[in-house]
Amino acid sequence: MILAGVFGLIIGSALGLLGAGGSILAVPALIYGVGQSVPAALFGSLLVVAISAAGGLVARLRTGTIRWPVALVFAAAGVPTAFAGTALGKLLPTQWLLLAFTVLMAVVAVRMLRGKPDDTGGVCRTGGGGINWRSCLPKALAAGAGVGLLTGLFGVGGGFIIVPALTLLLGLTPAEAIATSLAIVTLTSLSGLAAHAAAAASVDYGVIVVFAAAALLASLAAGRVANRLPAAALRRGFAVVILAVAAGVAAAALFAPAALHTS
């Protein structure tokens, strides 16, 4: 239970501060740290991510930085592909799924180490500061579909894709991108939960309650102080943690597959 709380604090803090990245640790934490089966860990991860992202979202409701039309476009594309990702995941051996997940973790960490793009506006911004949906709607839908696929396949929120997509494609400011990312993560995680509903009965909800409560509190607190902390340094430090965890998960999947609780 203590480990669940610690992991929850880390994941909630990352989501609240950066709008991305925290969920990438939830699955390995639940499998190797808490002892959940892989299907239960995927469901539990999505539950924790949905709750903590919603907490970070609540902290930003009055800031005026959430771009709801953008969030709904992403979510509309991501809901059906979340079910597709879940179906694909069921066809893959657990060991392969975890190894693919470590590759995803490494990609996320490298992107975080490289940092965010400067706030110079994106290719979809109009002269008046709006969004040119005619040219950018296909890109937004494609990005949303990709997020949904990863949500269903790996049980992650996809903020590490959403935030750069919102800044580079749609030209949202960093504050807008983080706030809108939290809205998208909340919506796509809920669709992922529906797609993984078959695993709901195997989840240890005592562990999940502690995990989610810690994540929610951390996300709410982090959302209130995010603008006063050095995000670049936090992002780099968190990326190093992700790389270390990815290495550990890959080693366990390759050399200690019996450690997987697949029942």
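User: What am I looking at, and what are the ground rules?
Analyst: It is a predicted model, where local features need pLDDT of at least 70, side-chain atom pairs count only at pLDDT 80 or more, and totals for chains, interfaces and linings use all residues. Residues are numbered from 1 along each chain as its sequence is written, and side-chain values use heavy atoms, with hydrogens and water left out.

User: How many helices and strands in the chain?
Analyst: The chain has 10 helices and 0 strands. Helices (H or I, at least four residues) and strands (E, at least two) are DSSP runs, numbered from the N terminus.

User: How much of the chain is buried?
Analyst: Of its 263 residues, 52% count as buried. Buried means under 20% relative accessible area, exposed over 50%, and partly exposed in between, with a 1.4 Å probe and protein chains only.

User: And what share of the contacts joins residues at least 24 apart?
Analyst: That share is 85%, among contacts between residues at least 6 apart in sequence. Contact means heavy atoms within 4.5 Å.

User: Helix packing next. At what angle do helix 3 and helix 8 cross?
Analyst: Roughly 150°, and the axes of helix 3 (residues 38–58) and helix 8 (residues 174–195) come within 8 Å. Axes are lines fitted to C-alpha atoms, for helices over the stretch in contact, and angles run from 0 to 180 degrees between N-to-C directions.

User: Which way do helix 3 and helix 8 run relative to each other?
Analyst: Helix 3 and helix 8 are therefore roughly antiparallel. Angles under 35 degrees count as roughly parallel, over 145 as roughly antiparallel, 65 to 115 as roughly perpendicular and the rest as oblique.

User: Which residues make that contact?
Analyst: On helix 3 they include F43, L46 and L47, and on helix 8 they include A179, L182 and A183. By class, the contact of helix 3 with helix 8 has 14 nonpolar, 4 polar and no charged residues. Ala, Val, Leu, Ile, Met, Phe, Trp, Tyr, Cys and Pro count as nonpolar, Asp, Glu, Lys and Arg as charged, and the others, Gly among them, as polar.

User: How far apart are the axes of helix 4 and helix 6?
Analyst: The axes of helix 4 and helix 6 (residues 133–154) are 5 Å apart, and the two pack at about 35°. Their contact has 16 nonpolar, 8 polar and no charged residues.

User: Where does T86 sit?
Analyst: T86 lies in helix 4 (residues 68–91). T86 is buried, at 4% relative accessible area.

User: What does the T86 side chain reach?
Analyst: The backbone oxygen of G152, at 3.4 Å. A polar contact is a pair of N or O atoms within 3.5 Å; within protein, one must be able to donate a hydrogen and the other to accept it, and residues adjacent in sequence count only if both atoms are side-chain atoms. Beyond four places in sequence, T86 contacts G152, L153, A195 and H196.

User: And T81, buried or exposed?
Analyst: T81 is buried, with a relative accessible area of 19%. T81 is in helix 4 too. Its side chain reaches the backbone nitrogen of L149 at 3.4 Å.

User: Where is L170?
Analyst: L170 is in the loop between helix 7 (159–168) and helix 8. At 1% relative accessibility, L170 is buried. L170 and V70 are 100 residues apart in sequence, with C-alpha atoms 8.8 Å apart.
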